[in-house]
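Good morning, colleagues. I should like to take you through one model this morning, moving from its confidence scores to its helices, its core and its backbone geometry.

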Amino acid sequence: MVALPDWMALAPALSLALASLVLLLADSVDPDTTNTGLLTGISVLGSLLSFGFAGWFITAGTGMADSTGVALFNNQIVVDQMALFFMAIVGSVTTLVVLASYDYVAEHSYQAEFFALVLLSATGMSLLSAANSLATAFVALELVSLPSYALVAFLKENKGSVEAGLKYFLIGAVSSAVLAYGISLVYAATGVLRFDGVATAISSGTVQTIVDGSVQAQAGDPAVPMAILGVGILMIIGGVAFKTASVPFHFWAPEAYEGAPAPISAFLSSASKAAGFVLAFRAFAVAFPIGDLLAAGGAINWVMAFQILAIATMFIGNFAAATQETVKRMLAYSSVGHAGYVLIGLAAVSGSGEGLSLSMSAGMSHLLVYGFMNTGAFLFIALAEYWGVGRRFEDYNGLGKEAPVACAAMTVFLFSLAGLPIGGGFFSKFYLFQATLNVSAWSLAAALIINSALSLFYYSRVVKAMWIEEPTGSRTIESYPMGLYTAVVGAAIVTVLLLPGFNRVSEIAFQAAQLL
Amino acid sequence: MIPAETYLLLSAAIFCIGLFGILTRRNALIFLMSVELMLNAANINLVAFSLQHGNLTGQVFSLFTMALAAAEVAIGIGIILVLYRNFTDVDVTKATTMRW
């Protein structure tokens, strides 16, 4: 076994960053390049490397030897199983997205910038999975957000894209200001930004300082003001809710996803959401342990807050999705609904923090499966946009006869999203359901069942249009773009394979959640 | 030393002024300025409590926040520029080709 230096633990993030720099270099050498193949090749290579490193480290057991993981930069970044799990999600989604972008950006200018921005944003997501301090988490979160604002507004001659970019930017800027203020309040209350330091401050009740890398209280340090801490945590929940497109900061999502280029919608709704959730999982499990928080005088009961948010997000997302007229917007709202399902990971927890590992691992497994099926569904929309098929449900009529392979893949995605046993989505929802039963959270369980049943209704509208309805107008499909097809079919194969392979995924996720 | 509550009140006031500006103004540039106010309210907290706690974490982090705020404005101005080119206005309520 080769002993790698410690910094190599960050290889999944580093390979993404390196690929984006290579792209910018290629762009400065030949600014007007239209060699999409080369640019796509570099991006696919970088993201595949990232996924490969993450997968290798998981199987090699990096970060499992001692439960703290590989700590870097004075514990500001910790690469443990949880981080690697999410790096693998980000790597796989990025691979699919850049592969699909090959055909999508072919006729646009600024291709190198497009790919470089995607990879920079992915770098931020990878780093965010490993962030172990509110400071690194905030910087990584901005590295995710800033390129994605630009990507949503990428079609700068297209009013819809610009409008979407504007709305995404405005709401994103406000929510990052709210998050920054929340972080400053937590710092004001506890004196530290590192997650373990915040936890120590909460359990000991005194302000802490980090001296030579270890957290300790100094003589005369005041007590932690619980009210200020509570407001800070509430604002951090707000920042997380924006990033994951959860109620009450969900309303940017349908706009941004509808207006953005479809591969970018896929990227934001899968990878960006996963990145938001890893911050939430780590921050709330490590920095604000619910048991200590309640014992210390009840600053805020975040489990209760997440229960309310989860139920509201599930209902609002799914009911809004059921009333949509356009397919892309329906998928956008369904992605809000799925954020609600994943929020169960932080909500199905008992008052003293029992059941957190189980529910968090259920949320993580759902995010992994969701990464493939949702990305695939949005990439199918990209395919439809490429062909010039309209946006409404009726426009998809009879598409199954003309493009049977892609439509079969889309059927797999939609039924898996609904939770039918055709893809990994069935087991991941079942696992979430199990997590709610584990702590007898009946309202969450009921919301999960009701919304999954409702979602079957609107997903099957697309399936019905594709396979059963007769085409309304004349439409000819001239070409079958290779990159998009590879990505869509690949995502479908993985979605189906996750049905038998889900056991392994949930095992890794459970281990990762326990090690936290 | 000035008591910590004073700084908290000041920063909360500035944060609320920024939030008020976001909710009431329609000009995208004024919106950006309001966001800056909110971010700088966070900076006041960080710097003030860095002094209070006697460690430098907050001061250093506030430098990061400032750099990020500058980057955010750079992206924001770019988006506002394409907004102006497409809608010939920087009014954030004019861009409504999609329904909310």
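I shall begin with conventions and confidence, and then proceed element by element.

This is a predicted model, in which local features need a pLDDT of at least 70 and side-chain atom pairs count only at pLDDT 80 or more, whereas totals for chains, interfaces and linings use all residues. Residues are numbered from 1 along each chain as its sequence is written, while chains are lettered from A and ligands numbered from 1 in the order in which they are written.

The model scores ipTM 0.95 and pTM 0.93. Chain B has an average pLDDT of 90, and 97% of the residues score at least 70; pLDDT is the predictor's confidence in each residue, from 0 to 100.

Let me turn to the helices of chain A. Helices (H or I, at least four residues) and strands (E, at least two) are DSSP runs, numbered from the N terminus. The expected span of a helix is 1.5 Å times one less than its number of residues. For the 25 residues of helix 2 (residues 36-60) of chain A, that rule gives 36 Å, and the end C-alpha atoms are 35 Å apart, which agrees. Just after helix 2, A:Gly61 adopts a positive phi of about 80°. Helix 3 (residues 81-104) of chain A, with 24 residues, reaches 34 Å from first C-alpha to last, close to the 34 Å expected. All of helix 3 is covered, as 24 of its 24 residues are buried. Buried here requires 20 or more other C-beta atoms within 10 Å of the residue's own, exposed means 12 or fewer, and partly exposed lies in between, with C-beta atoms placed from the backbone.

Next, the core. A nonpolar core is a set of buried Ala, Val, Leu, Ile, Met, Phe, Trp, Tyr and Cys residues joined through C-beta atoms within 7 Å. The largest has 245 residues, and A:Leu128 is among those that touch the most other members. A:Leu128 sits in helix 4 (residues 111-130) of chain A and counts as buried because it has 30 C-beta neighbours inside 10 Å. Beyond four places in sequence, its contacts include A:Ala137, A:Val144 and A:Leu279; a contact means C-beta atoms, placed from the backbone, within 7 Å.

How many residues does each chain bring to the contact between A and B? Chain A provides 34 residues and chain B 33. On the chain A side, helix 5 (134-152), helix 6 (159-190) and helix 9 (252-259) each supply at least two residues, and helix 6 gives the most, with 17.

As for chain B, UniProt, in an unreviewed entry, places the feature "transmembrane region" at residues 6-23, 30-51 and 63-84. Such positions are given in the numbering used here, feature names are shortened, and annotations may be inferred rather than shown by experiment. Residues 6-23 of chain B are 100% helix, with end C-alpha atoms 26 Å apart; residues 30-51 are also 100% helix, with ends 32 Å apart.

I close with backbone geometry. Most residues other than glycine have a negative phi, and most peptide bonds are trans. The bond from A:Val247 to A:Pro248 is cis, with omega near 5°. A:Phe73 has a positive phi near 50°, and A:Asn74 one of about 55°. A:Asn74 is exposed because 12 other C-beta atoms lie within 10 Å.

Note on methods. Contact = placed C-beta atoms within 7 Å.
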